[in-house]
Amino acid sequence: MSNAIHQRASDKAFAKIETLNFRIQSDERNIATGSYGGITYEEAVLVLECNKTELKVWQHIAELIEKSNKNQ
């Protein structure tokens, strides 16, 4: 994989991780204040849990990219 593509993949993974961190914080704040729009509390919690799972996936992807970078 070219260095430029590898760097873009790394940047994209870390950007996604930051976005998910912000989204999780917002979800937690919305649940705590009861302002989760037109969905139920249970649905809001489900969204939060899905975002936490998605964060773990992207953290794993970022880790694999970084390990791949060290092996090159």
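A salt bridge here is a side-chain nitrogen of Lys or Arg within 4 Å of a carboxyl oxygen of Asp or Glu. K52 forms one with E28, with 3.7 Å between the closest N and O atoms. The model is predicted: local features need pLDDT of at least 70, side-chain atom pairs count only at pLDDT 80 or more, and totals for chains, interfaces and linings use all residues. Residues are numbered from 1 along each chain as its sequence is written, and side-chain values use heavy atoms, leaving out hydrogens and water.

**Salt bridges**

- The whole structure holds 2 salt bridges.
- K52 lies in helix α2 (residues 41-71) and E28 in helix α1, so their pair ties together parts 24 residues apart in sequence.
- Helices are DSSP runs (H or I, at least four residues), numbered from the N terminus.
- K52 is partly exposed, at 28% relative accessible area (buried is under 20%, exposed over 50%, partly exposed in between; 1.4 Å probe, protein chains only).
- E28 is also partly exposed, at 37%.
- K67 and E63 meet in a salt bridge, 2.9 Å from N to O.
- K67 and E63 sit 4 residues apart in helix α2, about one helical turn.
- K67 is partly exposed at 45%, and E63 is partly exposed at 39%.

**A buried aspartate**

- D27 belongs to helix α1 (residues 3-33).
- D27 is buried but has no salt bridge.
- The nearest side chain of opposite charge is R23, 6.3 Å away (Lys and Arg count as positive, Asp and Glu as negative; His and the chain ends are not counted).
- Leaving aside residues up to four places away in sequence, D27 touches V47, L48 and N51 (contact means heavy atoms within 4.5 Å).

Key:
Helix = DSSP H or I, 4+ residues; strand = E, 2+ residues; numbered from the N terminus.
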